[in-house]
Amino acid sequence: MKKIIIILLAFNSIIIACRKVQEPANTFSSKNKNAIAANLTNEIDSPFTHPGIYHTQTDLDRIKNVATQQTEPYYTAYLAFKGLNLCQLTYTPNPVVNETYGVGQFQVRNDSQAAYYQALLGHITGNVAYFNKSKEIINAWTNTLQTFDQTDHLSAGPAAINFSNAGEILKTNSSVWDSTSNAKLVSMLENIIYPALAHIHDANHGTTCINGIIAMAVFCNDHEKFDYAVRAFKNEPGVDGNGCYSANTYIHASGQNNESARDQPHASGGVGGLVNSAMIAYNQNLDLFGFENNRLLAGVEHLAKFNLWYDEDPVTFVDCAGAVHNKLSTIGRRPNQNVSFNTAIMYYEKKGLNLPYSKMLANVNYPTQFGDDFLFRIDNSATIPSFVVPRASEPTDVQVYNDGSFGGGLIRHLAAGNYTTSALSGAGIVNNSASSIRIPAGWYVELYDNDNFTGTPVILKESSSFLGEFSLNDKVSSMKVFNTGGNTFKQIFAEGFNSKNDLTTELCGDADGRRNLVKTRNNSYASFNNVDINGATGFKIRTAGNAGTVEVRIGGIGGTLLTSLPVAASGGSQTWITTTGTFPTAASGNQTIYLVFKGGSSNLCSVHWFRFTK
């Protein structure tokens with residue numbers, strides 16, 4: 001298979017899949033709704049708590065306090081949040097009369113989020129102008145919108161969530177909200193937007209529908225809709241839906257979910273919709289986080305662990321629609337954070353449960369570029385915990401992948417041995433399907449494009465992220481795997497430095513992702529402790545961006561020079577090349593290695609990894 005590039009839009013922690021879903025013929029009517037809801041018990045009997053959608057009054061006051069008192073790590077995130085275009089008092093709403101999948105979808109997503117954020121800023125700052133701007137945006141839509149595309153669930157969901165949150169804050173914490181504006185917003189939510197959510201669809205579409213319905217139910221004081229959303233969440237009778245959208249049908253007990261094989265952004269977005277729905281229910285004194293033995297915890301922890309580059313073998317399971325799932329896609333695999341991880345941490349810790357991987361992920365890139373993660377973060381420490389993205393452990397056997405960049409699904413492990421086409425099939429590797437391969441230190445492989453080891457082999461002594469470089473993409477029919485115990489030098493990722501100056505890191509677009517060193521300058525350096533270089537006579541380094549020279553030294557920035565390696569410009573900040581060099585004499589022992597950068601005054605090469613060789 002070839003490398004695949006996809007573009008996804010992230011919105012309000014729910015991944016917006018840019019595709020249209022065909023609406024089934026049996027659209028959900030008010031009559032059907034009332035019929036299937038008859039004789040079903042209420043999920044909660046008491047009046048709704050207000051505010052009580054994404055934020056209780058206690059939450060809102062906490063958010064205000066950490067922002068106004070400039071408490072870190074929240075204040076830095078708050079400043080990023082306040083700087084968003086959506087948060088400016090000059091923001092102008094763009095309502096449409098008839099929303100469709102192609103017209104108005106981005107306007108309603110952006111405007112509803114702006115209304116929500118402006119209402120939050122009104123409470124945080126005490127500046128009534130933000131409240132008025134939020135009200136202006138809402139009224140612009142309630143006075144304009146007449147129809148909503150019933151197939152556009154992925155706009156209806158965020159619109160319902162954000163407009164409801166905005167209205168909830170305005171009616172409980174401002175003096176500008178009035179009964180007319182409230183009645184119009186309730187009418188728009190229930191009569192125009194709700195029909196696009198009422199039929200619960202599969203996967204992330206369905207979890208978005210649930211999230212939208214339960215949000216609007218609280219704002220509109222609609223117990224029937226609240227109960228309906230909860231039943232959908234729990235896969236109970238009385239729901240008009242198709243597919244696997246519930247917490248226990250979308251998320252497997254292992255934590256893997258129905259979109260884990262599709263790509264990681266959709267897998268994360270689908271779980272996010274369920275987590276955010278559970279948060280709303282919790283704020284109404286209904287605990288959905290504990291449903292099915294804390295199924296959501298399993299889901300967020302699996303996502304966090306896998307996207308932090310810890311390797312996991314996929315679980316094989318059959319979903320509620322009969323589809324077989326046995327893969328973990330590496331498309332979009334990187335430690336991206338959305339607020340649902342912070343939300344899960346916040347609520348599970350109230351239950352005395354720990355989420356170690358979610359906590360690690362929540363500290364990566366904090367704050368995000370949107371800054372909204374501070375709204376749900378309850379870390380009581382005064383500083384952001386230092387954290388380096390963990391590196392996947394060195395493989396202990398050969399691992400074969402269906403797609404380039406170590407992706408495409410099920411990882412197949414091969415021990416040393418000879419594998420004909422039949423033997424590869426027995427190991428789970430379809431003939432002519434391999435596109436990338438991981439090879440541990442001290443191992444090598446011979447790859448053949450014919451069965452029974454005929455023809456000229458391609459010999460690889462280290463991992464390859466794309467076998468097409470050797471004219472073997474989807475062409476491997478037999479292979480030999482050897483464990484020699486020879487060149488055992490491990491690949492060292494630059495993000496794992498022990499000390500540095502004038503450097504920082506960024507998310508890396510190279511195969512295996514993680515983070516790379518960036519903003520190298522003349523005489524800047526990074527050090528790495530306890531590196532085994534015994535017997536090494538060569539060196540490889542993976543760089544991108546501008547040209548420069550990398551000095552490899554032992555013991556200090558002015559220590560023994562092993563090699564001075566010029567690297568060429570790669571042609572792009574995330575276009576990666578590998579450069580090799582040799583040492584005049586073999587190195588010895590375990591050493592502290594210094595990479596010292598030489599060249600222009602700033603912006604020399606970025607570094608992903610390096611490796612000693614012999």
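**Cis peptide bond**

P51 is located in the loop that links α1 (30-37) to α2 (57-68); helices are DSSP runs of H or I with at least four residues, numbered from the N terminus. The peptide bond from H50 to P51 is cis, and its omega is near -10°.

The model is predicted, so local features need pLDDT of at least 70 and side-chain atom pairs pLDDT 80 or more, whereas totals for chains, interfaces and linings use all residues. Residues are numbered from 1 along each chain as its sequence is written, and side-chain values use heavy atoms, without hydrogens and water.

**Packing of α8 and α11**

Helix α8 (residues 203-219) packs against helix α11 (residues 264-283) at an angle of about 20°, and their axes are 8 Å apart. Axes are lines fitted to C-alpha atoms over the stretch in contact, with angles from 0 to 180 degrees between N-to-C directions. The two helices, α8 and α11, are therefore roughly parallel (an angle under 35 degrees).

On the α8 side the contact (heavy atoms within 4.5 Å) includes N204, T207, I210 and N211, and on the α11 side H266, G269, G270 and G273 are among the residues involved.

**Positive phi values**

A203, in helix α8, has a positive phi of about 55° although it is not a glycine. A203 is buried, at a relative accessible area of 9% (buried is under 20%, exposed over 50% and partly exposed in between, with a 1.4 Å probe and protein chains only).

N221, in the loop between α8 and α9 (223-234), is likewise not a glycine and has a positive phi near 55°. N221 is partly exposed, with a relative accessible area of 43%.

Notes: Parallel < 35°, antiparallel > 145°, perpendicular 65-115°, else oblique.
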